[in-house]
Amino acid sequence: MMASTLSAEAVIGPDLARLWKTRQDKERFQWSSLALMTPAFGLLIILFLIPMGYAVYLGFTNLTLVGPTSVQWGFTGLQNLSRLRQDTTFWSSVWVTAGFVGGSIVGVVVLGYWLASLLMRARTWMRVVVGGVVVVSWMMPAVTAGMTWYASTIQGGALGTLTGLHNTNFLDNWPLVVVTIANVWSMTGFSMLVMGAALRNVPSDAIEAAMVENASSWQRFGKIVLPLMRPTIIAVVLLTALLSLANFSLIYIMTQGGPGNSTNILPLYSYQQAFSYNNLAYGALIGNVMVVIATVFGVLYVRVAAPKT
């Protein structure tokens, strides 16, 4: 008991105690390191903070694309924000965006994992063929993917021919479902590659031990595979959400937000307000809302992906 109350100097001596307090591997801040980070800080300020701050400011002005206020414009306070609160089309667009992003997340994660798990057990030639087709769909430009899906799902398209429903316009009847499937199709290749890499890192001896204990496939997945793949799945969810939230080209090519506003996600509505209706300030405000939503996704990712202590 008495030994535990002795000071470090009494136990190891004053010289060793002084060395312990000033050990070389102790983390410390050096002001000179700020000079090395100055170029990075400068690029961050010029390329991100200043444009972002200017976009936020524009959201609270009356700037238009044409007309008197395209030249003589100024700060209008919370006028645009009040308009946003009462804009039913905006709130409809929020719900459409939520459905589009949510459906894309579920489809990309589930389909990517399913393909990755199947290809791990497939023959080499099948892995090459199927993996190549899926990766090509991922690398395909959004404009090409949009035109492909548009031509396939309209009346008389390839999908109607294959299913025997020649007079059915799938894109017009189920627009949000079709564009969501097209988005999932274009992003599954990325998910499959990442999920496949994570599955290869799951220790086979743990799976074999669970099989010896007569654990079912669902038990092996829930108790072994899913916990080990949790960081990968969270990363795929975040990236899918952010890429889907900003996926302007695919939907613009396929539907331009229609029919009506059934596929009018927030990027499209922001574009329409800024360049179709000439309300640049209001379009900038909607873009700022998208940045807030993306920031929320980022914060949730950091909190969920943080290691458990």
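Visitor: What share of the contacts in the protein with a separation of 6 or more comes from residues 24 or more positions apart?

Guide: A contact means heavy atoms within 4.5 Å. Here, residues 24 or more positions apart account for 64% of the contacts with a separation of 6 or more. This is a predicted model, in which local features need pLDDT of at least 70 and side-chain atom pairs count only at pLDDT 80 or more, while totals for chains, interfaces and linings use all residues. Residues are numbered from 1 along each chain as its sequence is written, and side-chain values use heavy atoms, leaving out hydrogens and water.

Visitor: How many helices and strands does the secondary structure hold?

Guide: Helices (H or I, at least four residues) and strands (E, at least two) are DSSP runs, numbered from the N terminus. The protein has 15 helices and zero strands.

Visitor: Where is the kink in α3 centred?

Guide: The bend at a residue is the angle between axes fitted to the seven residues ending there and the seven starting there. In α3 a kink of about 40° is centred on I45.

Visitor: Is T61 buried or exposed?

Guide: Buried means under 20% relative accessible area, exposed over 50%, and partly exposed in between (1.4 Å probe, protein chains only). T61 has a relative accessible area of 0%, so it is buried. Of the 309 residues, 34% count as buried.
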